[in-house]
Amino acid sequence: MPTAIAVTSTDLVLPPTDPQTPNAAVLPAPETRSLDASLADMQQLLARYGSVVVVCPTSAPAAVERRLHAVRGLLESDRIALVRTDLPPLGAAVLVRQLRQLAACDFSPGVLASAARLLAHYIYAGAVLGSVSRLDRVPVSLSSHLKSWLPGAHFAVLAGPTPQIVRLGGAGDQLLAGPEFATQLLVARGQLQTDWPATALVPAWQIQGPVQEAALPEASPGWWGTGKLVEFAAYLPDLPVLYQLVSSVRRETCHWCGMELIGDRCGFCAAPLTALAGPAAIGGGAAPAHGATQALAAVPARGMAPALDAVPARGATRALGAAPAHAARPLPAPGSAPGSAPGSAIDPRTVP
């Protein structure tokens, strides 16, 4: 059975890319669900899927994180991975959809959980903003703050994988540094009236196919500090490319919980890869696995993908907590994902 992908908000659920993309289980907010009910919800997911990978943005309320830790601690389960991401709301939703795509493949739960950090490095998430005066999640210079007070000032901001801010509207607008491999572009429109992502990014970044539209996540105005925005995310859309990218990274076994992992940290218990495991990490100074960057050769690419040992802190994904020992189990080949159990309060759905 596929590993369940759970999220903490409907903002993180995008329409599936194909009929084989599994649904995501939406965990109710703590203020709407008692702790006992949350425990029952998670037990249903574990009974149905075996393992659960919960994606929770770092921008989520602290009560959400506390509830997740309480549920995992009370259940004393080693089959629940809590994965945090610094990506902005639309980029985080793209990451969740990629994990849902990979959940239908033959990856073990440990590989799937630790793959989130790798995938986040290949998502170029940003926004066009009417002001950066309240933006505190991306470094903003004093001059950019001052220019925010000028009438009609617009800014193009890239949150990850490398933060960047450029002012728009002047002669010879500066472009954001884009991916060196072929991507598709997803756009979510707020209160700002601009087509800059389509007119500037599509030709500059050589976006493949038409620009995709999505509803603006409810968390986006708070994340970006303004409702006058157009959020965008460029990403790898094809499952074969994502599969090759993840499968080409060398796998290790966590010395603490026994789960499989890729990179330098276990996705379930957050234990770091020990020196005895060898140089297979994505970050932390270790050498990247052979074949990981070559995986993007399957894309009609503009150039070589960035090296895997260059994963930055901003936009990276990490796991929290610790869990007892548990052996990873293989998953079946891609197939249809089962739905939710009858009577469950969890909403395992994909926005149509």
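**Cysteines, core and confidence**

Me: Is Cys56 buried or exposed, and why?
Reply: Cys56 counts as buried, because its relative accessibility is 1%, and the cut-off for buried is under 20%. Keep in mind that this is a predicted model.

Me: How many disulfides are there?
Reply: The structure holds zero disulfides.

Me: What about Cys257, which cysteine sulfur is nearest?
Reply: That of Cys266, at 3.6 Å. Cys257 is in no disulfide, because a disulfide needs the two sulfur atoms within 2.5 Å.

Me: And is Cys257 buried or exposed?
Reply: Buried, since its relative accessibility is 2%.

Me: Changing topic. How many residues are in the largest nonpolar core?
Reply: That core has 73 residues. Trp196, Trp205, Phe232 and Val246 have the most contacts inside it.

Me: Which helix gives the largest share of this core?
Reply: Helix α3, residues 89-103, which contributes nine residues.

Me: What is in the second core?
Reply: The second core is separate and has 18 residues, including Ala4, Leu39, Ala60 and Val71.

Me: Now confidence. What does the chain average?
Reply: The average pLDDT of the protein chain is 80, and 73% of the residues score at least 70.

Me: Where does pLDDT stay under 50?
Reply: One such stretch is residues 300-345. The model has 147 contacts beyond four places in sequence for that stretch. Residues 348-352 also stay under 50, with 22 contacts beyond four places in sequence.

Definitions and conventions:
Residues are numbered from 1 along each chain as its sequence is written. This is a predicted model: local features need pLDDT of at least 70, side-chain atom pairs count only at pLDDT 80 or more; totals for chains, interfaces and linings use all residues. Side-chain values use heavy atoms; hydrogens and water are left out. A nonpolar core is a set of buried Ala, Val, Leu, Ile, Met, Phe, Trp, Tyr and Cys residues joined through side-chain atoms within 4.5 Å. Buried means under 20% relative accessible area, exposed over 50%, partly exposed in between (1.4 Å probe, protein chains only). Helices (H or I, at least four residues) and strands (E, at least two) are DSSP runs, numbered from the N terminus. pLDDT is the predictor's confidence in each residue, from 0 to 100. Contact means heavy atoms within 4.5 Å.
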